[in-house]
Amino acid sequence: MIGQTNALSAQLDNLENEVTTGLSVQAPSDNPDAMVTTLNDLATQSADQQYSSNITTLQSQANSIYSVLQSLQSIVSQAQSIATEAGSGTANQTTLNDYASQVSSLIQQALKLVNTQNPETGQYLFGGTDTSNQPFTAATNADGNVTGVTYSGNDSTTQAEIAQGVTISVGVPGANTSGSGTQGLITNTSTGADLFNHLISLQNDLLAGNTSAISSTDASNLQNDENNMTYQVAYNGNVQTQLSTASSFASNQNTTLNQGISNASGADAVQVMTQLNQVQDAYEAALEVTSRVMEVSLVDFLV
Amino acid sequence: MAGQSMETQMTGISVTGQNLANVNTTGYTRQTVDIQTNPDIMTTIGPEGTGAEAVSIQQAVDTLLNGQIQGQQSVSSYWNGQQSALESVQDELDEFLSSTSTSGSSSSSDDTTTSSGLSTLLNNVFNDFQAVATSPTSIADRQQLISDAQSLASAFNQIQSSLIQEITTLNTSLSNDVDSANQLISGIASLNQQISAAEFGGGNANDLLDEQQQDLNNLAQLTDITTTAGADGTVNVSVNGQTLVSGSQVVNTLQTYDPTNGNGNLLVQTSSGTPLTLTGGSMQGTIDARDGTLSTLASSLNLLANSIITQVNSVYTAGYSLTGSTGADFFTGTGADNIAVNSSLINDPSLFQASGSATASGDNTIALQLAELADAPQSNLQNETFSDSLDQTIGSFGDSLQTANNQVSNQTAVMNMLTNQQSSISGVSLDQEMTNLLSFQQAYEASAEVVTTVNQMLGDTLQMGSAS
C-alpha cells in the first residue's frame, strides 16, 4: 500500500515538474532519442545564431563600403563633367587651372575615402586582407598637387560563413593588378580602371592646357572608372541581398527548429494537466484508503 | 484429558502471542500450532476419546515462493546498483535541458529551450571560431573564443575526473559488498550448525530458519546464489558453481582481485582463487556499470577530446597571429583528462593564429577552416562530426540509464507482487491472530469448565459415600 502511494507521489512530482518547466525531457535518461534530437536541433540553432551574428557584422561592413562607393561615384561623375567641359576646348587656361584645382580636391577626397577605417574595429576597409596598415599613400609636389598614389594593401578578400557551407566575401580590395579575382576598387587591371592615376592625369592635363588629351584619353579612362564603380555598387547590392536572404533563412530555420525542439522535448500542456489531475485523484484516494485500512482492526472491537 | 486440553490450548495461545509479538518483525514467518487427536481407548461400548495434544509448531512458509523472492532480489539489486552508479554520473555530466522565458510571459510558446554541459560548450567554441573568422582582428572575439575554449577544456577535465572518481567509488562499493557477503556466508554456516542441532531428534528451529532466510535474501541481494536445502533444515550455498557454504562449513569466501594488475578495476573470485562470472546482485551491477556504460562513456569522451585537439591543432599550427608568430598549438594535452588551452593565448589573445598570411592580419583563412571543422565528419568518430558524436555518446548513456530505470521499476512491481504473496502466506494478520486467540481462549475456558464439572461430580460422589 505504501509502495503504491509512493509510486503515485513520484508520478505527481514528475508531472508537476513537466508543468512548471514545460519540458517532458530534461535529462538524457528521460528519453534518449528525444534528447539526441533536441541536442542536434540546439546545435543547429546555436550555429544559426552565430550565422545571424556574422550576417549583422557583414551587413555593417557592406553598408560602410556602400557609403564609400556612393561618394566615389560622385567624385568620378564630377571628374567626368570637368573632363567634358575642359575637353570641349572652350575654356581658357585660368578656367582650366580652376578645374585642375577642383580635380586636386577630388583626389584628396577620394584618398580620404579609400583609407576609411571600420568605426568599430579601426581596421582599413580597402587594404584587402592587410587591414592593419593604411592602404593608399599619396606623393605630392611642391605645389601640393598629388603626383602619385601608392597602394600597399593586397588583392585578397576574406570569406565568411553565412549558412552551413555558404560563404560570402563582402570586402573589396583597393587594387587588383593580377587580372583575376575580386575586382579592385580603385585600380582593376582587367577592366582598365585606375582612378587615382586617371584623376592625376586629368589634373596634369588641365594644368598643361592639354585639352585634346583630356577629350581623347582622360574622358575614356574615367568612363572605365565609372564602369568599375557601377560594377562595385552592383556587387555590393548583390552581397546585401544575399545577406538579407541568409538572415531570413536563419530566422525561418530558427522557428522550424524551435518547433522541432518543442515536439521532441516539450510537454503537451493539456495532456500533462489531464494526467496530473488523474494522478492527483488517485493519490488522494490511495491516501484515504490507506488511512481507513490502517485504523480498523479486530483489536478495536475486542478491547 | 481436560487438563491436557488446557495445556494444548495454552500452547495455541502462546504461539498466537509469539505471532502478535512479531507482527512488525522483518522476515518473521507466522507460526501455527499443529493439534492432533489422541488415540482412542477401546471400551465395551466402543472407542472412547482421550482428548487432543499439540504435536508441533509449524511455520507458514512457501519454500518455492521464498526461492523466487531470493532470485528476484538478485535481479533487483543488479539494476539498483547500475541505476545508482549511472544516476550520479548523469548529474556529473550536467547535460540537462532547461526552459527559459524570453518575454517574461508565462506562456510556454515564449519559452526557449537551452542545454547545459559539454554540448553547449562545444557549440560555443566553434561558433567563436566563426566570430573570429568574421572579425579576424577583433581582440574581444578572440578573448571570448579563448574563454569558451577554456570552459570546454575544463568541463572535459572535470567530467573525466568525476568518472575516475566514480569508478574508484564503485571499486570501494564492490569491496564493501564482498566483505558483507563474507559475513553473511559465515553467518549462514553458523546458523546451519544451530538449526541442525535444534532439529536433531525432530525439533523445530523456526526462528533460526527465519534468520537463515533473511541472511540468504541479503546474500542474494549482493550476488546471485544457488541454494540447496538439506534434510535437517540446513542450506548449502554456491555461486557460479563454486560452493560457499556446505552444512556448517564455509568452503569458500569471496575476495576481490585486480585482473589487469594495476588499473584498479576489481573483479570477484573465491578464496581458492577461482574467478567468478556473476550474473546478478549488486556486485555484478556495480561491475557492469563500471566496465560497461561508464567505461564506454569515459573512452568516448576521451576519443572526442583527442580528436578535437588533433584536428584543431593540425589546422591551427599553420596560421599566423596578429604579431606574425606561427607554429603554436591551440590545445595542449592528449585527451579529456588533460586537454587545455595553450597558456600563451590566455595571456595574449593577439597570439591566436587566425590568418593564413604573416603579413595580412585581416586574413581569416585559418579561423574559417577551424570554424568549418564543426561540420566536418571525423573518420575516427565513425564519420560523425564532433557535435554529433557527443550527442550520440550522451544518447547512448541515456539509453543505459533509462534501461536501468525501467528495469528497477519493473523489478519493484515484481518484488511487490511476490512479497504480497509471501505476506498473505507467511505474514502475521492481526485480525486472524485475534480470532485464533479468542478461539483458544474459549477452548481453554471450556476445558477448565470440564475440570470444574468433573471435580464437582467427584465431590458429590464422595459426599454420597460419607452420608451412607
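**View 1. An open sheet of three strands in chain A has the order 5-6-7, with mixed pairing.** This is a predicted model, in which local features need pLDDT of at least 70, side-chain atom pairs count only at pLDDT 80 or more, and totals for chains, interfaces and linings use all residues. Residues are numbered from 1 along each chain as its sequence is written, while chains are lettered from A and ligands numbered from 1 in the order in which they are written. Strands (E, at least two residues) and helices (H or I, at least four) are DSSP runs, numbered from the N terminus; two strands pair if DSSP finds at least two bridges between them. Strand 5 (175-176) and strand 7 (193-194) of chain A are the edge strands, each pairing on one side only.

**View 2. Strand 5 of chain A pairs with strand 6 (residues 187-188) of chain A in the parallel sense, over two bridges.** A175(A) has T187(A), in strand 6 of chain A, as its bridge partner.

**View 3. Chains A and B meet through 46 residues from chain A and 47 residues from chain B.** Residues are in contact if their C-beta atoms, placed from the backbone, lie within 7 Å. Helix 2 of chain A gives the most to the side of chain A that touches chain B, with 16 residues.

**View 4. Chain B is divided into domain 1 (2-60 + 430-467) and domain 2 (68-416).** The bounds come from an automatic or database domain assignment. The C-alpha centres of the two domains of chain B lie 65 Å apart. Their contact takes seven residues from domain 1 of chain B and six residues from domain 2 of chain B.

Notes. Contact = placed C-beta atoms within 7 Å.
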